[in-house]
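I opened my notebook to get to know a new structure. Come along as I look things up, one entry at a time.

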Amino acid sequence: MFVNIYSIVGKDNLEVMSKAINTNGCMYKLFKKEYKGGTILEFGAGNGEFINRFYKDYHQNPNIKAVEIDKELHSFIECEVYESLYDVEDNSIDYIYSSNV
């Protein structure tokens, strides 16, 4: 079956990408390798594919945060989530990453 990738947007894209198990696993390993502790934030967290992995691996760290503008996706994100980067306190993030935004 042919899928026109240019017709996949927003939530549809998140659903398709959530099935890319090997790709997501490799990307998470790269993000995790660079994380040296402290407060972490994912910008454009979508459905929480990556930040939820950090939350599970570092659940003892209360400083795991996400920014996602789509409020409908907030319920999928297991950590503290903001609607805008402007809502995050200045100089409060040690590690920030983004993917597929």
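**Entry 1: a starting residue**

I began with Y35, which counts as buried because its relative accessibility is 9%; buried means under 20% relative accessible area, exposed over 50%, and partly exposed in between (1.4 Å probe, protein chains only). Before going on, I noted that this is a predicted model, where local features need pLDDT of at least 70 and side-chain atom pairs count only at pLDDT 80 or more, while totals for chains, interfaces and linings use all residues. Residues are numbered from 1 along each chain as its sequence is written, and side-chain values use heavy atoms, with hydrogens and water left out.

What does Y35 pair with? I found Y58, in an edge-to-face aromatic pair with 5.2 Å centre to centre and 75° between the planes. For such pairs, rings of Phe, Tyr and Trp (its six-membered ring) must have centres within 6.5 Å; planes under 30 degrees apart count as stacked, over 60 as edge-to-face and the rest as tilted. Y35 sits in the loop between α2 and β1 (40-43) and Y58 in the loop between α3 and β2, so this pair ties together parts that are 23 residues apart in sequence.

**Entry 2: the overall plan**

Next I stepped back to the whole protein. I listed three helices and four strands, in the order α-α-β-α-β-β-β along the sequence. Helices (H or I, at least four residues) and strands (E, at least two) are DSSP runs, numbered from the N terminus.

How many residues does the protein have, and what share is buried? I noted 101 residues, 35% of them buried. The accessible surface is about 6900 Å², and 55% of that belongs to carbon and sulfur atoms; the areas come from the Shrake-Rupley method with a 1.4 Å probe, and for residues only the protein chains shown count as cover.

I also looked at contacts, meaning heavy atoms within 4.5 Å. Of the contacts between residues at least 6 apart in sequence, 59% join residues at least 24 apart.

**Entry 3: the nonpolar core**

I then looked for a nonpolar core, a set of buried Ala, Val, Leu, Ile, Met, Phe, Trp, Tyr and Cys residues joined through side-chain atoms within 4.5 Å. The largest one has 15 residues, and F31, I40, I51, F54, Y95 and Y97 have the most contacts inside it. The elements giving two or more residues to this core are α2 (21-34), α3 (51-57), β2 (64-67) and β4 (95-97). Helix α2 supplies the largest share, three residues.

I followed I51 first. Setting aside neighbours within four places in sequence, I51 touches E42, A45, I64, K65, A66, I77, C79 and Y97.

**Entry 4: F54 and the aromatic rings**

Then I turned to F54, in helix α3. F54 counts as buried because its relative accessibility is 0%. Beyond neighbours within four places in sequence, its contacts are Y28, F31, K32, Y35, I40, H59, I64, Y95 and Y97.

How many aromatic pairs are in the whole structure? The search finds nine. One of them joins Y28 and F54 edge-to-face, at 4.9 Å centre to centre and 75° between the planes. Y28 belongs to helix α2 and F54 to helix α3, so the pair ties together parts that are 26 residues apart in sequence. Y28 and F54 are both buried.

I wrote down one aromatic cluster too: Y28, F31, Y35, F50, F54, Y58, Y95 and Y97.

**Entry 5: salt bridges**

Last, I looked up salt bridges, which need a side-chain nitrogen of Lys or Arg within 4 Å of a carboxyl oxygen of Asp or Glu.

- D57 and K32 have their closest N and O atoms 3.1 Å apart. The pair links distant parts of the chain, with D57 in helix α3 and K32 in helix α2, 25 residues apart. D57 is partly exposed at 36%, and K32 is partly exposed at 30%.
- K56 and E78 meet at 3.5 Å, N to O. K56 lies in helix α3 and E78 in the loop between β2 and β3 (80-82), 22 residues apart. K56 is exposed at 53%, whereas E78 is partly exposed at 37%.
- E83 and K71 meet at 3.4 Å, N to O. E83 is in the loop between β3 and β4 and K71 in the loop between β2 and β3, so they tie together parts twelve residues apart in sequence.
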